[in-house]
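Have the sequence and the coordinates open as you read.

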Amino acid sequence: MYVSKKWLNHYIPVSDLSDGELEQMFSLSGTSIESIEKPWEGMENVVSGVLTRVEPHPNADQLLVCRVSTGNEEHTVLTADRTMREGQKVLFAPVGSRLFDGKKIEKVTMRGIESQGMLCSLQELGLEDRSLEVFKAADSLRPGTRIFYEWDLDDSVFDCEVTANRPDELSVIGLGRELQAVSRGERRLQSPPIDFAESETPTGELVDISVEDSENCFRYTSLVVENVQVGPSPLWLRRHLVASGLRPINNVVDITNFVLLEMGHPVHAFDLDRLSSPRVVVRRAKKGETLLLLNEQELVFDGDELLITDGQFPLALAGVMGGERSGIGTDTRRVLLEVASFNPVNIRRTLRKFNLTSDAGYRFERGVDVGNNREVLRRLAHLLQQVTGATVSKGIIDVFPHPMEAKQVSLRKCKVEALLGFSLPSEQIENILKNLGMGVESAASSEGVRWNVRIPTFRPDIEREVDLVEEIGRIHGYDQVASTLPVIRSKRRGRSPIQDFRLEIRNFFLGTGFNETYSLSLIDPEDFSRLHLPPEHPWRKQTIELIKPLSKEISVLRPTLLPNFLRMLSYNFTHQVSDVKLFELANLFQKRSAPAAPQVDEYNEQEMVGFAMMGKQNPDDFSDHREVDFFALKGVVEELLQHMRIPSEFVKTPRIEREDPYATVLYPAQAARIEVRGEAIGVFGRLKRKVAGNFDIKQTVYFGEVDVARLHYWSEETKMEWKSVQGTNFPASKKDFSLLVPRGKEMGHILQDISEISGVEKVRIIDVYRGKGIADGYTSITLSVVLRSLDHTISEEEIRACLDRVLLILNREQIEIREG
Amino acid sequence: MEYQVLMEQMDSFALQARQELEKAQEVAELERLRVQFLGKKGVLTTRFLKQLGKIPAEQRPIVGEKANQVKQEIQELLESAKEQLACREEERYEESLWEDTTLPGARTRVGFEHLVKKTQRQMEDIFLSLGYRVMEGPEIEHVFYNFEALNTPEWHPARDEHDSFYIEPDQFLLRTHTSPVQIRTMEKEAPPLAIVAPGKVYRSDYDATHLPMFSQFEGLVVDEGISVTDLKGTLEHFVLQMFGSKKTIRLRPSFFPFTEPSFEVDVSWEDRNGQVGWLEVLGAGMVDPNVFKAVGYDPEKWSGFAFGMGIDRITALKYGLTDIRDLVRGDIRFLRQE
């Protein structure tokens, strides 16, 4: 809501306040000021003048050379308006002035003659939509008059952010009332004049009004004005509308807009002679009925909408917008005025259904005063008579099927103090409410001071005691209010086990060199194609789509963290950063059929920790040239499980199956599931290069993701006790074996078998080698087997027996021993 | 053997020993000289001590004393030469160790906590130390929790301000705020309550200052006699802990359907030119009685305050971020501030 300070000053004195002071008064009582604009800034030096000489330009047929006298000075000015004559009063904008559209006037020379300014049209002053010629001022305008001050263009316009509960503030008078309260009544609000002369013709003879749907049309008041002269509005009226961000159209339409802004009550004007018969029927639309709106949009109704009709045809979509057919035109002579009140819920549904917005709808959906219809109507009639010389019919038609009584709300002083936490004198509380337009009456009470407060009809937001407490608090202000810290009596405190566990996971990854990311849960469905997912892939089928996404790039919820990581790795790679380790804890989302009702979708959220890496293992260590590889990735996974204290004997990492959803993006040759006691809780592996390439990454990417809740579950379930290391001090014996392992042979279960031999404490891999000296198709793997007894020094015989069993296993698996 | 001759020979032996010891460059050389001079078959023994019998008895003590003096002198010389050599050797060793200390270190990278997550953790800790509990709720939310139970019925214009992402019309949406967690908590538990609820929320907005997904931080305290001054004091405490002791706050009346009275809370902020102004940082208010009714609390008995703020916004303010989209790009140069 834009409010002009000059306009506001007509109802409540504000011209003595600086813009800053006024802003403060508004914002500290709950009306934030988004901006303060000065629409006519730069026009301070525009003055009136008289043309003392008008001659054709010697070198240009289209131009006139004028001398304009502005009292003390004379200027030469060029114009293309060939209607200019000597003696014409004009407005002269000297060089340096700024026009309404922001254009600055420069000194120009055209065909040898310099123009020292410009003769302005109303369009250039922002007071007319489109001007065809230079403004011809009235003869009474004295040369040298600075219209910036004369026409109230030295204005400031406040963009007020009015909260959704305060429709009363969507008006100049409503905002003025706020200032009355904030100033503690020191500034008083004045009502505008509403008097007019009535004609002899009773309104009822000119038009018949009936309301068929009183559930959605609370009240309908009407007058008819006749002998209307439709034409341009006077300058003061245009000025107010322009300052408020509206375009002047014609005097009748401008007055309806003026009253809407002034009093906050939307009104409508119909051309009475364009109705099929002189009547108004307010009713629900019929299914399939249509209406062409003023904005040339054609609506087809489904029957819920409320229409203003002439009994036969729809005239307007009630409370939203008028129809094209009955609109005011230049030939309009008789105007039917409507000041109605509609059900906000119905208006809102209609606005949403058709995706419409209008100044009227904006106010009606928030709730418009049902008590001021007659006053608004009188104000309309007053202005129409003043401006267009119209005659006004006799007597207001007021259809008000269920007159509403003013709400009464009981207010206890003790409740005010309890909720606000500070006390106020009773008189101050009463004054605040009165200055807001409420009726205040003391009432007897056993609970101390109490009032019965009569709520004006323009305040639909106030229904309960607490709403009045809010009013008292906000008008009093919270600047001087004390601060206290409440004693927290809640017994349950702190973080939950899973919340603590999350911090542990984060600390683990941070310590392991992974940087934490924070990516959008919304991804591009195109990414599924970049991942080469077949049409039936579960990620595609389970993906949850937004109904109205902001753009395709963020239109579905991620079923895996992979696309986000690829985007982020790609961003790094394309910015020449190729050594990257990232991790993130975030939710994945899947849609599934409900087990009980397959046609109903269930939405599932699954918290995962994802991790991805590429490039050097230790980029800031010049002595380490290793690139990350599958074993670096697996090392991270194993260390994670170790830190979460899941015993390694419960963990298996089988290669992913071909039909695993991840097998479309990871090479099964280098990818595995993480299984704890047979339950798959995660996956990790090497990304297919085609997929990386689709994200413009020309490097090998490793990725994994693990279910956080399941990891937590197993961590709690299997958590080993911290073992004492006392008693392991008997000396260990160590034996290394270098093995020649053929490609395709998996060592996991072999190592497992060896480590289960009694007397074997640990089996370590100390070297994995392929290349020179090793036959093609083979890998040299060196094991170190540590033998130890917990209760005695292991003997030579025991060692030999153990090693024999190791050899037995290796023989059984037909693994050749190179050394050992 | 003349007594005199013996004494002179000892002097020249001492002189020779001194000269040779001075020339020695290595510890091994010193050891060889010690054996040569002082060993069982060394010069001192064979040339002098064994000659002692050949001189008159009354002169023997004098010669013996002389021999002792020479021995002691050589021993001292040996010791000091040894020390000097060890010193020189250490110097040479140290020289061999020389590294250019101005070269960069061989670093092992430790990951960086994401700024938003770090801020969230710090915010949680501020309230945890006051005795609050951290609660959570789903990101896909039912309209009942996101709007209806929060006193925002279907026709309420306040729903427009949320620019919601729906996934099922009029049923499920991505939550537009963390306030549903208030309802979910109060439905399950009786007062008194003190919780904070951090989490991701979604609104249809994407530019340099808005992400379509961001993190919000909700707070709720319900007890008997909770008032606006408690809210003000709590938020003041938070702001001082988060932004430092020079900050002040102001409560600007505003409107939220689920609180009454409602506030926008501004924090004093110094701009680049040192001008102090106000920055809107969070929304807050006293829990609306209708919200209490929706969860079965008696609004006559209980009162409470609630607040909500954007963790991303707090992060942007704290670290002076100019483009909020930096937070979600995963650019390692930003994450690590390289």
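What follows is a tour of the cavities and the residues around them.

A bit of housekeeping: this is a predicted model, where local features need pLDDT of at least 70, side-chain atom pairs count only at pLDDT 80 or more, and totals for chains, interfaces and linings use all residues. Residues are numbered from 1 along each chain as its sequence is written, chains are lettered from A and ligands numbered from 1 in the order in which they are written, and side-chain values use heavy atoms, with hydrogens and water left out.

The structure has two cavities of 30 Å³ or more. A cavity here is a set of points, on a 1 Å grid over the protein atoms alone, where a 1.4 Å probe fits but cannot get out, and lining residues have an atom within 4 Å of a point. Points are joined across faces, edges and corners, and a volume is the space filled by probe spheres set on them.

Start with the largest cavity, at about 90 Å³. Its lining includes A:Arg166, A:Glu169, A:Glu470 and A:Arg474, along with B:Pro253 and B:Phe255. Helix H13 (465–476) of chain A and strand E7 (249–256) of chain B each give at least two lining residues; helices (H or I, at least four residues) and strands (E, at least two) are DSSP runs, numbered from the N terminus. By class, the lining splits into two nonpolar, five polar and five charged residues. Ala, Val, Leu, Ile, Met, Phe, Trp, Tyr, Cys and Pro count as nonpolar, Asp, Glu, Lys and Arg as charged, and the others, Gly among them, as polar.

The second largest cavity holds about 30 Å³. A:Ile488, A:Arg489, B:Leu193 and B:Val222 are among the residues lining it. Strands E5 (193–202) and E6 (213–223) of chain B are the elements that contribute two or more residues, and E6(B) has the largest share, with three. This lining divides into seven nonpolar, one polar and two charged residues.

Methods. 1 Å grid on protein atoms, 1.4 Å probe; cavity = no way out; pocket = protein on both sides within 12 Å on 5 of 7 lines; lining within 4 Å.
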